[in-house]
Each structure stands twice: as structure tokens, then as C-alpha cells.
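Please look over the sequence and the structure first, and then read the points below.

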Amino acid sequence: MMKMIWVSLWLIVAAAMVSAHEVRPAIGDLEVAEGQVEITLTLNGEALVADVSLDGIDNTDALDASEEVDRLRALEPDALRAELEPRMADFIQNLTVTAGGMSVDLTATQIDVSEVGNTELPRDTVLNLSGPLPDGAATISLTWPAAYGALVLRQQGVEEPYTGYLEAGQSSGDIQLGGGDEASGLSTFATYIPVGFDHILPKGLDHILFVLGLFFLSTRFTPLLWQVTSFTLAHTVTLAMAVLGIVSVPGSIVEPLIAASIVYVAVENILSDKLNRWRPFIIFGFGLLHGLGFASVLGEFGLPDGQVVPALIGFNIGVELGQLTVIAIAFILVWYAIRVDRGEADVAPAQGLYGVLAVVFVGLGFAMNTSGFQDVMGASAMVFFWPLAALSVLCAVSATLVDQLDAYRRYVAVPASAAIALVGAYWFVERVFL
């Protein structure tokens, strides 16, 4: 029986250790000055050279050409620039820019490639495009090809500028050259809610594991409430401070400390099942770190001038909804095992339920492991479903051995916390030394 538990533990760890070959949205700055359209694009040059589609992709490991992308990430700037230049004509042809209903004839005026850094992380390539503005044009429109992923488009040099998030081949629609297309506060608020949610589910695996670490401390609601409240208050404070430019901490410091916070909460779960008086304060401190991590995402998207507060509130609400969804999924899955442990439900139905769930989750991992699923979720179906299968097996073991003291804690909370701690430790080492 213990062998089954450790196999389940291994499945959780193996599924969670996904390489962090992150894909970020491209950033486009659009400006019209002295009769010229100037577009500055900050994007993933390696994907452009490899001629792969980033539509719906969050991680380049999901690409068939992932090895080619990794090779390109290791190239020196001049070498990558040399491979980019022959592809500029096709790139510009696929990028549709019109002004006053007439096509804008763009050319690439400059290509800047960042130095080689951590090849596990994306590096920026900056393309400067320029073209003459057609006579009499009062509006401009840009359509971003779906194959290039998502684009945050920002108008520069005008009052009340346009800011938009384009994906799946979307068009910006007509943008007034003189400004005035700034989104309303309500529209901005609504736009940034899904951005925050998406950063938790499915993209925020480190934040997911931290929240699960809070969840697995105790089966009682009060400890969870204290921890989540402390965490929410803390990351709200630093998220706001970072976005407003009051505080700035490099990601090279923040990301390893976030991994360390995961290890701490998980290890404490193993050592104690009670909410120690100092834990909410420690969680508050870790929440400050996670807020800085959330701020880096908003930094990638940019915040519309004049609508910083609605965007910030919307993003934060999206993050909270994502965290609550993680807790809800975990609670629904372990709820029957907790009832059995409390003597409120029978063993046999629990064994049957969790046996079926384990088989279903494993089957879904195989059946839905398609390119379409990877395009939407950014990782294979096994990464999402097999940890749920492993947790179902742990719940089945807990129900079977319910006659032992604290069966749920011994066979569910502790092994799950151990898996979370191992993943956090791996990430800490990776982010500091690899």
C-alpha cells in the first residue's frame, strides 16, 4: 500500500516538473509622427525564425520544434539577427496594417536581439518597422496574425491612447490617429479580470502549488481562511506598489524566494496540522513576494495610461478568482475522503468513487493529449490530469485505511505536501543555480 502512495507522489512531482520555456505576449508600440507610421515590436524572435505557431501556446516545450527554438535561444545576438533578416519580408506580409482603409507599406529598419541569458527563459527581440502614412488618413488599424501568439498593442504620442490585447488573429479596429480611443474604466476593469485569472489557471503553477500548500495544512475552514486572507492582503499591497513604481525587485531575486515559500508551507504541513500563531504573518511575508511576481505579468502587458486603478483591481480580482478555483477543485476532490475520515461516510463508496476518478483522470490524460489541447492550455493533458489521478489514489488509500489515526492527513495531506515541497525545492535550485 505504501508503494502505491509513493508512486502517486512520484506522479505528482513528475507532472509538475515542466520546463519553464515560457511564452510571453508580444508588445507593440504604435506611433505616427511626421507622416510616418512607426511600430516597435518586442517579441519572441526564436519562434519567428523556427516558423512555428504560438497560437494558444504558453510554453515552447509544447511545440513540435521545441528543440529548434532551444537551439536558437543559445545563439549569440548577431547570429540570431542573421537568421531573422531573411524572414522579415514574410513577417511583414502577414502583418496587416491599414490607415484610412489603405495598406501601409512597412519595412524593417532595425533588429535588436538581447544577449544570451538563461535559455530556460524567453529573451526579447525588438523589431522596428516603419512606413509612410497614406494621405488624408485619420485612423489606423493593425491585424495581428494568430501564428505569432498574443499582442499587447499600445498607442504612443497622443492623449487618451488606445491599448488593446489581440490574439487569435484579432484586429485592433480603427484607432484614431489623434487619440481618444482609451478604454473606459469599466471596460479596462473587465478586460484585466481574465488576464489575472489566466495567470493562475493554467499559467501560474508556482502560485497554484503555494495555494495548495495552504489548503493541505488542515481540513478545518478557519485556518484556511486566515491564511488566504493574509496572503491576499499581502500580494495586493506589493502588486499595487510595484505597478505604481514605488518598489521594484529583480525577478532573479523574487522567483527563487517564491519557490522557497512553496517549500516552507509544504514542509510545515508535514510537521504540523495546526495553524501556528506565526504562520499567518509568515504567509503575509510570502504574499508580498508573490505580489511582486504578479506585478511582472502586468509589466509584460502594460497598463493603460489613466486606467491604472481599474486595470489593477480587475487583475487582482482575476487572481483571487483563480486561487479560489484552485481551492474549490482541491476541496471537491478530497471532500469525500475527509468525510470518511470523520466517520460521516462509508468506506466502500469512497473506494469506488476514487478508483473510478483515478482511471478517468489517467484516461483523460491520454485521450486529451492532443496538439489542440496543448495549443489551448500550453502543456500536455497529462500535466493537468495525472496529478488529479494521483490525488485520487491517495484519497482511496486514506478511505481504505480509515481505521488508522488521522488517515486523511497521513495518506493525503502529508504525501501531497511532500510532493509540493519537492517541486518547490527543484524550482529553487533551478532558479538559483541552473
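The model discussed here is predicted.

**Helix α6**
- The buried residues of α6 are T188, Y192, V195, G196, H199 and I200.
- These residues cover an arc of only 130° around the axis, so they lie on the same side of α6.

- In general, nonpolar side chains tend to be buried together in soluble globular proteins.
- The largest nonpolar core holds 64 residues, of which F216, F315 and Y408 touch the most other members.
- Helix α11, residues 308-341, gives this core its largest share, with 13 residues.
- A second core of 41 residues is separate, and L80, V97, L151 and L166 are among its members.
- Leaving aside neighbours within four places in sequence, F315 is in contact with Y192, I193, V195 and G196, and also with L239, F294, V297 and L298.

**The chain as a whole**
- The secondary structure comprises 15 helices and 10 strands, and 47% of the 434 residues in the chain are buried.
- When contacts between residues at least 6 apart in sequence are considered, 72% of them join residues that are at least 24 apart.
- The chain exposes about 19400 Å², and 61% of this area is supplied by carbon and sulfur atoms.

Technical notes: Residues numbered from 1 in each chain as written. Predicted model: local features only at pLDDT ≥ 70, side-chain atom pairs only at ≥ 80, totals over all residues. Heavy atoms only, no water. Buried < 20%, exposed > 50% of the residue type's maximum accessible area, 1.4 Å probe, protein only. Helix = DSSP H or I, 4+ residues; strand = E, 2+ residues; numbered from the N terminus. Arc of directions from axis to C-beta. Contact = heavy atoms within 4.5 Å. Areas by Shrake-Rupley, 256 points an atom, 1.4 Å probe, with all protein chains shown as cover. Core = buried A, V, L, I, M, F, W, Y, C linked by side-chain atoms within 4.5 Å.
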